[in-house]
Amino acid sequence: MRVIRALWIALAAISFSIGLLGVFLPLLPTTVFMLMAVYCASRGSPRFEAWIRSRHYVGPLLVTWEQERAIPRRAKLAAVGAITLSALITGWSLGPGWLRWAVIALLVLIALWLATRPEPSSAP
């Protein structure tokens, strides 16, 4: 039982770390990894789960997503802004060819998906 519990905690820690990177890197979906971290932590350590939920930078977003499948406007603007910057850098730094346009198309699709998510009924 201890080994399984330790594996859940390790998965939670890895997911949380990747989610934290997603705050700064637009191609990593923060919410998905944070939700996974909360789920894994709930299996291995309720205290770790509570700690993740108490973080001011992800806690309210997690609750809003779990309850309403919604993203606050401020988070959408930050994400779409970072994605736009990434698309510009990609367009500038990658040479001509299909890879540049494939990456830019993927970034545009992600930005559109984010922009079309509903806003929460009560902003966190």
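Phe16, Phe48 and Trp51 are joined into a cluster by ring pairs; rings of Phe, Tyr and Trp (its six-membered ring) pair if their centres lie within 6.5 Å. Across the whole structure, a search finds four aromatic pairs. The model is predicted, so local features need pLDDT of at least 70 and side-chain atom pairs count only at pLDDT 80 or more, while totals for chains, interfaces and linings use all residues. Residues are numbered from 1 along each chain as its sequence is written, and side-chain values use heavy atoms, with hydrogens and water left out.

**Overall architecture.** The protein has six helices and zero strands; helices (H or I, at least four residues) and strands (E, at least two) are DSSP runs, numbered from the N terminus. Its C-alpha atoms fill a box of roughly 55 × 35 × 20 Å along the principal axes. Of the 124 residues, 29% count as buried, where buried means under 20% relative accessible area, exposed over 50%, and partly exposed in between (1.4 Å probe, protein chains only). Among contacts with a separation of 6 or more, 61% come from residues 24 or more positions apart; a contact means heavy atoms within 4.5 Å.

**Helix 2.** The 15 residues of helix 2 (residues 30-44) should span 21 Å at 1.5 Å a residue, and the end C-alpha atoms are 21 Å apart, which agrees. The expected span is 1.5 Å times one less than the number of residues. Buried residues of helix 2 include Phe33, Met34, Val38 and Cys40. The cover over the buried residues of this helix includes helix 1, helix 3 and helix 4 (59-68).

**Surface.** The protein exposes about 8,200 Å², of which carbon and sulfur atoms supply 70%; accessible areas come from the Shrake-Rupley method with a 1.4 Å probe, and for residues only the protein chains shown count as cover. A nonpolar surface patch consists of Leu20, Leu21, Val23, Phe24, Leu25, Trp51 and Tyr57, which together have about 670 Å² of accessible area. Patches are made of residues with over 30% relative accessible area and no salt bridge, with like charges joined within 9 Å and nonpolar side chains (Val, Leu, Ile, Met, Phe, Trp, Tyr) within 5 Å. Helix 1 (residues 2-24) gives the most to the nonpolar patch, with four residues. Trp51, a member of both the ring cluster and the patch, lies in helix 3 (residues 46-54). Trp51 counts as partly exposed because its relative accessibility is 37%.

**Salt bridges.** Side chains of opposite charge can pair when their charged atoms come close. A search of the whole structure finds three salt bridges, each a side-chain nitrogen of Lys or Arg within 4 Å of a carboxyl oxygen of Asp or Glu.

| Pair | N to O distance |
|---|---|
| Arg53 and Glu49 | 3.3 Å |
| Arg53 and Glu66 | 3.0 Å |
| Arg73 and Glu119 | 2.9 Å |

Glu49, Arg53 and Glu66 are linked in a network of salt bridges. Arg53 and Glu49 are separated by about one helical turn, because they are four residues apart in helix 3. Glu49 is buried at 19% relative accessibility, whereas Arg53 is partly exposed at 29% and Glu66 is partly exposed at 35%. The side chains of Arg73 and Glu119 also meet in a salt bridge. This pair links distant parts of the chain, with Arg73 in helix 5 (residues 73-93) and Glu119 in the segment after helix 6 (98-115), 46 residues apart. Arg73 is exposed, with a relative accessible area of 52%, and Glu119 is partly exposed, at 35%.

Methods:
Rings of Phe, Tyr and Trp (its six-membered ring) pair if their centres lie within 6.5 Å; planes under 30 degrees apart count as stacked, over 60 as edge-to-face and the rest as tilted.
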